[in-house]
Amino acid sequence: MNKDTIAAIATPLGEGGIGIVRLSGNEAINIAQRISSLSLRELPPRRMTLGFVVLEDTRLDRVLWVVMPGPHSFTGEDVVEIHCHGGLKVTELVLEAVIKSGARLAEPGEFSKRAFLNGKMDLAQAEAIVDVIRAKTATSLRVAFRVLEGHLSEKIEGIRETLLSTLSTIEASIDYPEDVEEPDRDQLKDTLGSITEDLNELIRSYRKGKSLREGYLVTIVGRPNVGKSSLLNHLAKEEKAIVTDIPGTTRDVVEVEINVGGVPVVFADTAGLRETEDKVESIGVGKSKAYLSKADLVLWVLDSSEELTVEDRKIAEMLDGKDVIVILNKQDKPSKISASEIERLVENTTILPLSLTEKTGLDSFMAELENRVSLGGAEAMGEVLITRVRHKNALDNALDAIKHAIGFVPTSPLDLIAIDLRIAYSALGEITGHTVKEDVIDRIFSEFCIGK
Ligand SMILES: Nc1nc2c(ncn2[C@@H]2O[C@H](COP(=O)(O)OP(=O)(O)OP(=O)(O)O)[C@@H](O)[C@H]2O)c(=O)[nH]1
Ligand SMILES: [Mg+2]
């Protein structure tokens with residue numbers, strides 16, 4: 001266990017009502033005592049008491065002192081919080097003073113790391129702290145908070161327990177063949193089948209969970225002058241991008257972040273895709289293609305009053321393998337493109353007629369957008385979602401091992417099944433941190449900010 005005492009400013013740098021300096025470790029109370037007007041060991045634990053920070057016999061600030069003796073603290077160690085006025089200089093001087101008195105500046109995420117190492121929370125919960133702090137929408141926050149409260153860990157631990165008890169029956173029958181009967185193979189198959197279902201359900205939730213945590217990128221593409229920027233402005237409810245009747249107006253990517261059914265969505269308006277001699281425009285076209293390839297969903301805008309061109313067909317080729325909504329804009333004019341022509345170019349897409357100048361077709365467009373982006377959003381609130389690729393990889397590995405084991409169930413020796421079950425057990429333990437390596441732990445906590 002770490003013996004040294006760490007300190008950091010726990011609130012964001014800048015001016016605010018309150019700025020908090022936090023200490024954690026064996027010496028936290030002794031060190032803080034050196035700058036306190038109160039007798040810290042006599043304070044009621046986990047209650048605020050008004051007092052002063054005193055530096056070299058001079059009062060520096062009037063503050064609230066909170067002493068949280070371990071193990072009943074966030075880190076499990078002795079913790080002291082000093083709630084100062086929220087100024088840059090105040091917090092800096094208080095931090096400096098506790099460092100001079102023997103504390104060490106905390107590394108990023110070190111408070112949370114200590115909480116994990118001292119068993120106050122598991123790894124999935126510790127990771128969820130960052131997600132709670134960074135949540136961009138109410139839905140993202142709710143999903144992250146459920147993980148922080150331990151609902152994901154509970155599910156994972158439930159599956160691990162089933163694996164462990166299955167393993168122990170198998171191993172007992174291997175070790176004591178005379179006394180312990182072999183487990184029933186049909187029953188074994190059922191147990192592994194139901195674990196497979198549980199794992200699959202969690203893995204499937206990743207698409208939704210990832211969007212909620214990381215956000216979702218929707219790229220608007222199309223030929224010049226079809227109405228891409230008009231669409232972005234409609235979504236943003238303001239004139240974010242310049243709209244003119246000159247083809248090639250947009251040259252850079254214009255991004256707008258919007259909450260769509262609880263999912264933080266970035267819409268990117270891009271330069272119209274065409275061959276061009278213009279140096280600036282061609283850089284813009286390059287960027288459009290980059291945004292197209294990393295998009296979670298593509299809105300392909302077409303001017304329905306003009307026939308499909310060679311350029312449109314080239315764009316259609318770039319959409320291969322992407323999630324696409326095709327927008328037939330400018331419906332206020334006579335239409336020259338049919339749905340069947342589009343269907344021949346793009347597979348499994350939704351085609352929506354629209355007029356951005358007349359504002360028609362926009363309701364069904366928004367409904368379709370919400371449907372695609374939120375992936376069935378609202379009813380997901382109560383579920384536990386997988387939001388991190390680290391968790392998804394661990395689940396994939398566990399699933400592979402279980403499937404492999406199922407193949408052995410009918411006729412193979414039991415120890416072959418046991419090997420796979422142990423692999424799955426350990427893969428799942430990576431999520432909660434029971435079986436994770438130290439360098440992985442270090443990497444996870446280094447993503448945190450200082451003071452967390
Ligand atoms: N008639 C009609 N005109 C539209 C509609 N939507 C956009 N326009 C017009 O089409 C022109 C081009 O619109 P933009 O939104 O700038 O098109 P863009 O695709 O961003 O064009 P680039 O930036 O050049 O690639 C403007 O004059 C718009 O007013 C529509 O639904 N109907
Ligand atoms: Mg534009």
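Trainee: How far is an oxygen atom of ligand 1 from an N or O atom in the side chain of Ser-229?
Mentor: The separation is 2.8 Å. That is a polar contact, meaning a pair of N or O atoms within 3.5 Å; within protein, one must be able to donate a hydrogen and the other to accept it, and residues adjacent in sequence count only if both atoms are side-chain atoms. Please note that this is a predicted model, in which local features need pLDDT of at least 70 and side-chain atom pairs count only at pLDDT 80 or more, while totals for chains, interfaces and linings use all residues. Residues are numbered from 1 along each chain as its sequence is written, chains are lettered from A and ligands numbered from 1 in the order in which they are written, and side-chain values use heavy atoms, with hydrogens and water left out.

Trainee: Turning to the metal, which residues coordinate the magnesium ion?
Mentor: Ser-229 (OG) and Thr-250 (OG1) coordinate the ion, which is ligand 2, at 2.0 Å. Ser-229 sits in helix α9 (residues 228-236) and Thr-250 in the loop between α9 and β8 (254-260), so the pair, 21 residues apart, links distant parts of the chain. Helices (H or I, at least four residues) and strands (E, at least two) are DSSP runs, numbered from the N terminus. Donors are N, O and S atoms within 2.8 Å of the metal (3.2 Å for Na, K and Ca); water is not among the atoms, so sites may look incomplete.

Trainee: Are Ser-229 and Thr-250 buried or exposed?
Mentor: Both are buried, that is, under 20% relative accessible area; exposed means over 50%, and partly exposed lies in between (1.4 Å probe, protein chains only).

Trainee: On the backbone, which peptide bond is cis, with omega near 0°?
Mentor: The bond from Gly-70 to Pro-71 is cis. Pro-71 falls in the loop between β4 (58-68) and β5 (79-86).

Trainee: What is the phi of Asn-225?
Mentor: Asn-225 has a positive phi of about 75° although it is not a glycine. Its loop runs between β7 (216-221) and α9, and Asn-225 is partly exposed, with a relative accessible area of 30%. Lys-330 also has a positive phi, near 65°. Lys-330 lies in the loop between β11 (324-329) and α12 (339-345), and is buried at a relative accessible area of 19%.

Trainee: How many residues apart along the chain are Arg-422 and Leu-164?
Mentor: They are 258 residues apart along the chain, with C-alpha atoms separated by 8.2 Å. Arg-422 belongs to helix α15 (residues 414-432) and is partly exposed, at 42%.
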